[in-house]
Amino acid sequence: VGDITYLNTGEGWLYLATVIDLTTRMVVGWATAAHMQTPLISEALINAHRHGYVAGGAVFHSDRGAQYTSAEFASVAALVDVRLSVGRTGVCWDNAVAESFFSMLKNEMYHRERFATRARARLAVADYIEVFYNRKRRHSTLGYQTPHQVMTAFFTRTHPAANQAA
């Protein structure tokens, strides 16, 4: 599932696009930019794919934003072998996992400090996602495990030979 949120900085808005795995709740791809155009969400999806978190034929769900329904994004999705799905108009529950993540990010990190620059905000976002949220924050939905623990267990079950060799 994916969505975009915005963070105010002393330099103006910083937009964050995410790709979240629904099974593990792990943020598997993300990107930031000073704009909320299609290349932002494309970069987030490509990052998820580049890191091995997008299986061929996977379904990517989003809202009906212009970026997500553009021909440009459809081309990127086809390039990484992802099928697109969009929610119903005006129904925020269709994208509840992404909205919930943004709420956590803003309440647990963003609202606790001010960011003079976009670069400083991006570093804080990276730290929140990669260090805290994915690897330390336990989720009741996951039996009080972290997203990284659940993802690791998944890869261990589905690719046991690769994990033994590593």
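Analyst: Axes are lines fitted to C-alpha atoms, for helices over the stretch in contact, and angles run from 0 to 180 degrees between N-to-C directions. Helices (H or I, at least four residues) and strands (E, at least two) are DSSP runs, numbered from the N terminus. This is a predicted model, in which local features need pLDDT of at least 70 and side-chain atom pairs count only at pLDDT 80 or more, while totals for chains, interfaces and linings use all residues. Residues are numbered from 1 along each chain as its sequence is written, and side-chain values use heavy atoms, with hydrogens and water left out.

User: How are helix H1 and helix H2 (residues 71–79) oriented, and at what angle do they pack?

Analyst: The angle is about 10°, and the axes lie 10 Å apart. H1 and H2 are therefore roughly parallel to each other. Contact means heavy atoms within 4.5 Å; H1 contributes residues including Ile 41 and Leu 45, and H2 contributes residues including Phe 73 and Val 76.

User: Is Ile 41 buried or exposed?

Analyst: Buried means under 20% relative accessible area, exposed over 50%, and partly exposed in between (1.4 Å probe, protein chains only). Ile 41, in helix H1 (residues 38–50), has a relative accessible area of 2% and is therefore buried. Not counting residues up to four places away in sequence, Ile 41 touches Ile 4, Ala 17, Gln 67, Tyr 68 and Phe 73.

User: Which residues of the largest nonpolar core touch the most other members?

Analyst: A nonpolar core is a set of buried Ala, Val, Leu, Ile, Met, Phe, Trp, Tyr and Cys residues joined through side-chain atoms within 4.5 Å. Here the largest has 23 residues, and Phe 101, Met 109, Tyr 128 and Ile 129 touch the most other members. H4 gives the most to this core, with seven residues. Apart from it lies another core, of 22 residues, among them Ile 41 and Phe 73.

User: Where is Asn 134 found, and what does its side chain reach?

Analyst: Asn 134 is in the loop between helix H4 (118–133) and helix H5 (147–158). With a relative accessible area of 0%, Asn 134 is buried. Its side chain reaches the backbone nitrogen of Val 27 at 3.0 Å.

Definitions and conventions. A polar contact is a pair of N or O atoms within 3.5 Å; within protein, one must be able to donate a hydrogen and the other to accept it, and residues adjacent in sequence count only if both atoms are side-chain atoms. Angles under 35 degrees count as roughly parallel, over 145 as roughly antiparallel, 65 to 115 as roughly perpendicular and the rest as oblique.
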